[in-house]
Amino acid sequence: MGILLSARGLQKSFSVRPLFENLSFVIESKDRIGLIGANGAGKSTLLKILSGKIETDEGEVSFPKGTRIGFLEQSPKFSEDSTIEEEIISGVQDPFSGEAHALVLEWIAKLNLESQGYGPEKKVKLLSGGWQKKVALARELVKEPEILLLDEPTNHLDLESILWLEELLVRSQFATVVITHDRVFLQNVTTRIFELGRQYSQGVLDVRGNYTTYLELRESQLSQQKSEELVLKNKLRNETEWLRRGPKARTTKQQARIDRAVDLKEECEELEYRNRSREVTLSFQSSKKQPKRLIEAKNISKSYGDKILFNDFSLFMGPGSRVGLLGANGCGKSTLIRCLLGHEKVDSGIVLQAEQLPVSYFEQKRESLDLNISLQKTICPGGDTVIYRGNPIHIRGYLDRFLFTPEQIELPVGKLSGGEQSRLLLAKLMLKEAKVLVLDEPTNDLDIETLDVLQNCLTDFDGAVILVTHDRYFLDQVATEIVAFPSNENKRDELIKFADLSQWERWRAENQPLKEFKKSRSEESESKKKKKMSYHEVRELSSMENLIQETENKIEKLHLEVSQPEIQSNAKRLSELYQQIANAQQSVDRLYARWSELEAKANEQDK
């Protein structure tokens, strides 16, 4: 595989705090890299540096002349009053060529824009956030990039669109670097995980393999670092004890021992800093008295004009109910929530609620946050103390639970990252008692560690939860019941209930019409060129089975070595073996894919 991009010694700081320093890596052709890390680790900043949007403080990014790089930003920007066609065609080098126009129409078709009534002349500003994201993606894809950078591409996309994007990236010929905290997306798409974090000596953990491989190696690496910290602390303790002894007990090598103790102290402090971990503290306040029925819908229906959103739908929610809503953007999820909360009338049927039903609402676009006021005024408008669970807490201590620093307290909310704004909204909601939590896409922008804490918090909540999310892992862990809106292709208007996500996935596989994934012109021309097998391909096919067998034997031997007790206690060797297994497994996957390709070509040639 050829190197498409090389980064050497990158450093970027805001104020006095470095996001990352001395960061070096390469991106190879067909790499599919998942870029992850805590909120504020510098992921979006790194993508902007790679795309040339901003400059690095130190170091350099280099790539072969003429390399095409596409960059889908987290919040894409569009020209005022521009149309879909105008925005997409702005991505091509020569917007006046007939070929460029044809390519734009091809991507409009691939994204199913026209099937939703969004023709080329539709104004982009009239589209929903999800469709705007698709237009921005098409604008980058018409560049026919060799590297595509994606910053939170699944935000605002419905699940069907995310599945489409997964397939697109897996089949693509270009390299990809994608920022996402969607663990299922990472598992399905990536071949390499790149985690930014202060806990690593180089500021990054670079793992070749999928998300599961990364988890195994990460645990091994962090466990090894903690062991090293313990060993160094014991050595430092011994050296310190020696230095405390009287002069008679010391040797002539006293200065060397003192210098060694100083070095050990610095090493210990560095490891202690890297091993120190903090997580958000979340705990929603629920009302002490919980009636058996919080919300009950009986045979409710709702339409807008000729469009039936749901018909004859019933739902019971009591304490501990956690209902997940699934469906395409615009299918009626928000309308259903408003009907259940009594904010909108149903056409028929009845909605019953418990008396005095306090509700906490996490809005998808975080509309309740004023971007112009400070964090302190957002949480505590009239002082510096909040009341949480009946106890007064100083604003600094309260915001510290959500990982905000003292320097951020007077910062305007608009200066925070998307993930930090989500944490602030959670902090605001936690001050209010509620019997029902409504969370509309709460997973957008939050890092994986915070998602885990939020997941546990919702699972432990005494009241009821209504959850809208495209994050399949989060949905499956939290929801006790899933209500799905059928897609337009199903021609059905009733909502369908599922016990869990796997049940919905089986239903989808059985009921969704199969859609052929249209190949791009470059893929089609490539496949036409390679119909006839060459002499070398014939020889390659004949040796393929032996190569696969040899590699699988190697993996088996590595697994045997990993299981040895002496290896289990050697964190460094364990980490090396897991990396070798990941590399070997990647080789097997490539060999099988190549074998399948050659077999298909041989069968085609025999016809």
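Ala297 has Val351 as its bridge partner in strand β14. The model is predicted: local features need pLDDT of at least 70, side-chain atom pairs count only at pLDDT 80 or more, and totals for chains, interfaces and linings use all residues. Residues are numbered from 1 along each chain as its sequence is written, and side-chain values use heavy atoms, without hydrogens and water.

**The sheet around this bridge**

- Strand β11 (residues 295–304) runs antiparallel to β14, and 5 bridges join them; two strands pair if DSSP finds at least two bridges between them.
- In general, strands of a sheet pair through backbone hydrogen bonds, either parallel or antiparallel.
- An open sheet of 3 strands has the order β12-β11-β14, with antiparallel pairing.
- Its edge strands, β12 (307–317) and β14 (348–353), each pair on one side only.
- On average, neighbouring strands of this sheet are turned by 20° against each other, direction ignored.

**The helix on the sheet**

- Helix α9 (residues 333–341) packs on the sheet and touches β11, β12 and β14; contact means heavy atoms within 4.5 Å.
- The direction of α9 makes about 135° with that of β11, where axes are lines fitted to C-alpha atoms, for helices over the stretch in contact, and angles run from 0 to 180 degrees between N-to-C directions.

**The whole chain**

- The protein chain has 19 helices and 22 strands, which are DSSP runs (helices H or I, at least four residues; strands E, at least two) numbered from the N terminus.
- Of the 607 residues in the protein chain, 48% are buried (under 20% relative accessible area, 1.4 Å probe, protein chains only).
- Among contacts in the protein chain with a separation of 6 or more, 70% are between residues 24 or more positions apart.

Methods
Buried means under 20% relative accessible area, exposed over 50%, partly exposed in between (1.4 Å probe, protein chains only).
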